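Please look at the sequence and the model first, and then read the points grouped by topic.

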Amino acid sequence: MKALPEDPRCPFCYHKIEQPKELSSRKIVEFPLGLCSQCGAVYAYDITGHNMGSAFIEALLFACNEDDYLAFSLSHGEDYTDAVVGNYDIVTHTIVPEKVYNDRFVRGVLIFIKLFGQFQDATEEKVKEKFRAIQPIVKTKLRSENFSKETVRTYVAENRKEDLIALAKEDSRVLNELQRMLYTPDELSRWRVIDLLGEVSRSVGEKRPDIISKLIKNLLQSAASPGASAWGALEAIGTIISTKPSLFGEFTKPLLSFISHQNLWREVTWAIGKISTADANLAKLAFRGLASLLDNPDHVLRGYASWALGNIGITDVIDRLKTLETDEHRLTLWRDGGLQEVTVGQLAHEAIQKLSR
């Protein structure tokens, strides 16, 4: 007799569990999460079954209310236990008997974590509160008969932002086309596309943050790939984060990692400057690196760093900025929707004015 799919249950209390859901805030690595309403165990869903280590870490952090100090100080067996449930099919929300079900490969795994005693008591209410805010998984593609590459390019050329946003809400291929349009030697066109990507991402991300997370990951990969053109990729990421820091701020650290690539310093510095205009706290992660650029031989870096530091609000750099007030080297800076020609001295003076308020 052929075995039938079964309802998924918590391995600790055998209570039926709900389908995993997604956190509203986005991360570079994400796993849908769940909470057993009976015993308080949490679980993470790994769709491939090949990233169980990362899924375990995410489940443990979620169980500890994202307190990484607590999570990594716990002892297995004494403070918490874990369990793995395989053959989970998220489409039918069942445990299927075989790896192939309804002509589909099912590789899904649920990683369960259950804290013991005082540790669960300390985090349970916060975890429940956070779980109430997470969202059902929606992975359907957005497609529309109104989409065409020519239509997107026409809207961009005619700066029809509202029409572009409306089309992007119907069809996510608009984002792919905008990403392709970054790779133009025309600097002004590229900056305009970067601004449009930010506006479109903010609107689409309100209902489909997963689509924008995927876009940011694609941009990070294109910037990281040797031999690939990174034109506009890092600046676009900074712009997207600045439009919705509460949702996409977690991508700031991966963006900052590009500071190790000297050939991308200008791009990273501008991107951090853009984020600093929206959320100074996120940009503070780059404070020391930005401060070190005030002495860089590249006048563009000195200018970008001055602009960003003025927004971050840490006054320790005022004396160093004063030494740049007479720096007459000229550069162009994209801000407020236009390319502005400024001097390093002007940007340093503006920064000092902001920091002295």
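**Briefing on the predicted model**

Helix α1, which covers residues 52–63, contains Ala59; helices (H or I, at least four residues) and strands (E, at least two) are DSSP runs, numbered from the N terminus. This is a predicted model, in which local features need pLDDT of at least 70 and side-chain atom pairs count only at pLDDT 80 or more, while totals for chains, interfaces and linings use all residues. Residues are numbered from 1 along each chain as its sequence is written, and side-chain values use heavy atoms, with hydrogens and water left out.

**Overall features**

- The protein has 17 helices and 11 strands, and its C-alpha trace spans about 80 × 50 × 35 Å along the principal axes.
- Of its 357 residues, 49% count as buried; buried means under 20% relative accessible area, exposed over 50%, and partly exposed in between (1.4 Å probe, protein chains only).
- The accessible surface comes to about 18000 Å², and carbon and sulfur atoms account for 48% of it; the areas come from the Shrake-Rupley method with a 1.4 Å probe, and for residues only the protein chains shown count as cover.
- Among contacts between residues at least 6 apart in sequence, 66% join residues at least 24 apart; a contact means heavy atoms within 4.5 Å.
- The 44 positive and 48 negative charges have mean positions 3 Å apart. Lys and Arg count as positive and Asp and Glu as negative, whereas His and the chain ends are not counted. Each charge is placed at NZ of Lys, CZ of Arg, CG of Asp or CD of Glu.

**Ala59 and its surroundings**

- Ala59 is buried, with a relative accessible area of 0%.
- Leaving aside neighbours within four places in sequence, Ala59 is in contact with Leu33, Val42, Ala44, Ile111 and Ile113.
- Pro32 is 27 residues from Ala59 in sequence, and the two are 9.4 Å apart in space, C-alpha to C-alpha.

**Nonpolar cores**

- The largest nonpolar core has 77 residues, and those with the most contacts inside it are Val152, Leu164, Leu178 and Ile272. Helix α15 (residues 299–312) gives the most to this core, with eight residues.
- Apart from this core lies another, of 26 residues, among them Leu35, Cys64, Tyr80 and Phe119. A nonpolar core is a set of buried Ala, Val, Leu, Ile, Met, Phe, Trp, Tyr and Cys residues joined through side-chain atoms within 4.5 Å.
- Apart from neighbours within four places in sequence, Leu164 touches Val152, Tyr155, Val156, Val174, Leu178, Leu196 and Val200.
- In helix α6 (residues 173–181), the buried residues are Val174, Leu175, Glu177, Leu178, Gln179 and Met181. Their cover includes α4 (149–157), α5 (161–170), α7 (187–205) and α8 (209–224).

**Strand pairing**

- Strand β4 (80–89) runs antiparallel to strand β8 (residues 108–115), and seven bridges join them; two strands pair if DSSP finds at least two bridges between them.
- Within this pairing, Val84 stands opposite Ile111 of β8.
- Two bridges join β4 to β5 in the antiparallel sense, and Tyr88 stands opposite Ile95 of β5.
- Strands β10 (residues 330–335) and β11 (residues 338–343) are antiparallel and share six bridges. In β11, Glu341 is the bridge partner of Thr332, and Gln340 stands opposite Leu333.

**Residues with positive phi**

- Most residues other than glycine have a negative phi.
- His93 is not a glycine, yet has a positive phi of about 50 degrees. His93 lies in the turn of the hairpin formed by β4 and β5, which has four residues between the strands.
- Asp336 takes a positive phi near 55 degrees in the hairpin of β10 and β11, where two residues lie between the strands.
- Glu66, also not a glycine, has a positive phi of about 60 degrees. Glu66 belongs to the loop between α1 and α2 (68–71) and is partly exposed, with a relative accessible area of 30%.
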